[in-house]
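Please consult the sequence and the structure displayed here while reading.

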Amino acid sequence: MAKRVFIPLCTGFEEMEAIILIDVLRRGNVEVVSGGKTKEPILASRKTLHLADKVFSEINPAEFDAILLPGGLEGTKHLMADPEISKILNSFQSEKKLIGAICAAPSALRNLDIISGNDPYTAFPSSEDLTIGKGGKYTGKRIESHNHVHTSVGPGSAFEFALYLLEILEGKKIMEKVKAGLQLP
């Protein structure tokens, strides 16, 4: 049975991060479901419009193996302000299911104490991204993993992060096949 991944899209999300995660995982036969606050088109950070597969209220965390948060500072602020997303993230945390966040989005995990204390994490290295939220120890690595939480630095690491997550979800053989098809260096 295919793994299922939920990717919430809030106004201001970083297009490259969300779309690359969705695309790479789907190429690896992962069922990816994107979600939005409403059925209305979502305006992303570079002013492109996107339609989500479902609305947040339709998401049952028990039906998913992972949740992945795209960054974008505005999108992350909307993620942090949404009580439905907080509830979904807390459910994934309590079940120790895979949680991923890229760019500014690790702040949402820090804000909910999913990343806390001295938990290692990485994020976009701007002062604003690193001061939103609390807890955790910033490492500056391109990808950082601690238990079931995986973080990455930004748009330039999106393919690397997507392939890393695909390997966790579907194994090295499928990841290598998808990587070869992408013609990455």
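## Largest pocket

In this predicted model, the residues that line the largest pocket are L9, C10, T11, K37, T38, E40, P41, I42, L43, F56, H78 and D82. The space inside the largest pocket amounts to about 170 Å³.

Sorted by class, this lining comprises 6 nonpolar, 3 polar and 3 charged residues.

## Packing of helix 1 and helix 6

Two packed helices are described by the angle between their axes and by the distance between those axes. For helix 1 (residues 15-27) and helix 6, the angle is about 35° and the axes lie 9 Å apart. The crossing of helix 1 and helix 6 is right-handed.

On the side of helix 1, the contact is formed by M16, E17, I20, L21, V24 and L25. Helix 6 contributes A158, F159, F161, A162, L163, L165, L166 and L169. By class, the residues of this contact are 13 nonpolar and 1 charged, with no polar residue.

## Packing of helix 6 and helix 7

Helix 6 spans residues 158-170 and helix 7 spans residues 172-182. Their axes come within 7 Å and cross at roughly 150°. An angle over 145 degrees counts as roughly antiparallel, and helix 6 and helix 7 are therefore roughly antiparallel to each other. The crossing of helix 6 and helix 7 is right-handed.

Helix 6 takes part in this contact through F159, L163, L166, E167 and E170. The partners on helix 7 are K172, I174, M175, V178, K179 and L182. The residues of the contact between helix 6 and helix 7 divide into 7 nonpolar and 4 charged, and no polar residue is present.

## Residues of helix 6 in both contacts

F159, L163 and L166 of helix 6 take part in the contact with helix 1 and also in the contact with helix 7.

Definitions and conventions: Residues are numbered from 1 along each chain as its sequence is written. This is a predicted model: local features need pLDDT of at least 70, side-chain atom pairs count only at pLDDT 80 or more; totals for chains, interfaces and linings use all residues. Side-chain values use heavy atoms; hydrogens and water are left out. Axes are lines fitted to C-alpha atoms, for helices over the stretch in contact, and angles run from 0 to 180 degrees between N-to-C directions. Helices (H or I, at least four residues) and strands (E, at least two) are DSSP runs, numbered from the N terminus. Angles under 35 degrees count as roughly parallel, over 145 as roughly antiparallel, 65 to 115 as roughly perpendicular and the rest as oblique. A crossing is left-handed if the near helix is turned anticlockwise from the far one by less than a right angle, and right-handed if clockwise. Contact means heavy atoms within 4.5 Å. Ala, Val, Leu, Ile, Met, Phe, Trp, Tyr, Cys and Pro count as nonpolar, Asp, Glu, Lys and Arg as charged, and the others, Gly among them, as polar. On a 1 Å grid over the protein atoms alone, a cavity is a set of points where a 1.4 Å probe fits but cannot get out, and a pocket is an open set with protein on both sides within 12 Å along at least five of seven lines; lining residues have an atom within 4 Å of a point. Grid points are joined across faces, edges and corners, and a volume is the space filled by probe spheres set on the points.
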